[in-house]
Amino acid sequence: MSKRFLSLLLSYLVIVCLLLTITIANTATAIAIPTATISQPFRQAPKFYNSPQCPSLTDTDDSDTDTETNNGDTDDTFCSDNAIHVAMTLDTAYIRGSMAAILSVLHHSSCPQNIVFHFVISASANASILHATIATSFPYLNFHLYTLDDTAVAGLISTSIRSALDCPLNYARSYLAKLLPLCVNKIVYLDSDLVLVDDIAKLVATPLDDDRVLAAPEYCNANFTSYFTPTFWSNPSLSLTFANRKACYFNTGVMVIDLDRWREGDYTTKIEEWMELQKRMRIYELGSLPPFLLVFAGKIAPVDHRWNQHGLGGDNFRGLCRDLHLGPVSLLHWSGKGKPWARLDANRPCPLDALWAPYDLLKPPFSFDS
């Protein structure tokens, strides 16, 4: 065999090896792309355990209850009388805030294994990615995803003072009674821009007397008239909506809701009727809050203000830093334009953002975690 032939053969083998290496690398890349990747890398949260006094979720007989969800799945723990039900929305824009909120709820709960999370997502969202994100950081979490028909909801929404408020998912709280299993009769709804520093069981225990549908902290010192336009107040048939009602502002980011009473009263339809009127004549400016006020203001059960120290995100125009309200604190809520994770990333935090940071599960840019 000539040296020239051996040289050509060796060159050929080198080229074949290179081509095989490239092919294998490309194949690996092609395989990796379709899998549910997490755009933001989050750390895994620790597992939280019930205290010895916590009741078991399997102590009740729920054989005759309807556990089916809108996704067709069933879970016996959903119907347990001992479950603590928490509803939140979930999307990629606020996922970091949602993760912190979940961690804070579990961290301060005396019975964290009894908490069932119900996450409402948009029909246009990638459910597998959102599910994988939660399951990866909270592998022991009892949760389920529900899909909101955001196209139908979008047709009812009128533009507000801030485009972020016009997202259909902001209206998900109006559809919980339709989305969740029928056996879920009482739930706590939480926004994604808050953290708890107290046991959520105390909030769940809020009594809903006198057939009240929901409970929330009321703020009667706020200028209630400012939530509606002069068109609303100048129309006698509309302004009489609040006759014989001591109507006060309440923040819909933290609510305890009796879903059975909501279903019986068909309150989703009542809220949608106000939204349809808003499309014809502008009676308010601020997103999903005014329809709730129109239906429920002056008719809710009171909750101590400690459960919604809201407004920490500043006003909706400038997002300036704000201080806590007077009194004890059980829940910190960054409602408003400024979000703590965005201000921390920009190195322009407000003082109170330091209280949110310990619950942030986002991995640092250079992490040695596997």
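The model is predicted, so local features need pLDDT of at least 70 and side-chain atom pairs count only at pLDDT 80 or more, while totals for chains, interfaces and linings use all residues. Residues are numbered from 1 along each chain as its sequence is written, and side-chain values use heavy atoms, with hydrogens and water left out.

Colleague: At roughly what angle do the axes of helix α2 and helix α3 cross?

Modeller: Helices here are DSSP runs (H or I, at least four residues; strands are E, at least two), numbered from the N terminus. Axes are lines fitted to C-alpha atoms, for helices over the stretch in contact, with angles from 0 to 180 degrees between N-to-C directions. The axes of α2 (residues 95-108) and α3 (residues 127-137) come within 12 Å, and they cross at roughly 35 degrees.

Colleague: How many nonpolar, polar and charged residues does the contact of α2 with α3 have?

Modeller: With contact meaning heavy atoms within 4.5 Å, Ile95, Met99 and Ile102 of α2 meet Leu130, Thr133, Ile134 and Ser137 of α3. Ala, Val, Leu, Ile, Met, Phe, Trp, Tyr, Cys and Pro count as nonpolar, Asp, Glu, Lys and Arg as charged, and the others, Gly among them, as polar. By class, that gives five nonpolar, two polar and no charged residues.

Colleague: How many residues apart in sequence are the parts that Asp345 and Arg96 tie together?

Modeller: A salt bridge puts a side-chain nitrogen of Lys or Arg within 4 Å of a carboxyl oxygen of Asp or Glu, and for Asp345 and Arg96 the closest N and O atoms are 2.6 Å apart. Asp345 sits in helix α12 (residues 340-345) and Arg96 in helix α2, so the parts they tie together are separated in sequence by 249 residues.

Colleague: Are Asp193 and Lys339 buried or exposed?

Modeller: Their side chains meet in a salt bridge at 2.5 Å, N to O. Asp193 lies in the loop between β4 (186-190) and β5 (194-196) and Lys339 in the loop between β11 (331-333) and α12, so the pair joins parts 146 residues apart in sequence. Both residues are buried.

Definitions and conventions: Buried means under 20% relative accessible area, exposed over 50%, partly exposed in between (1.4 Å probe, protein chains only).
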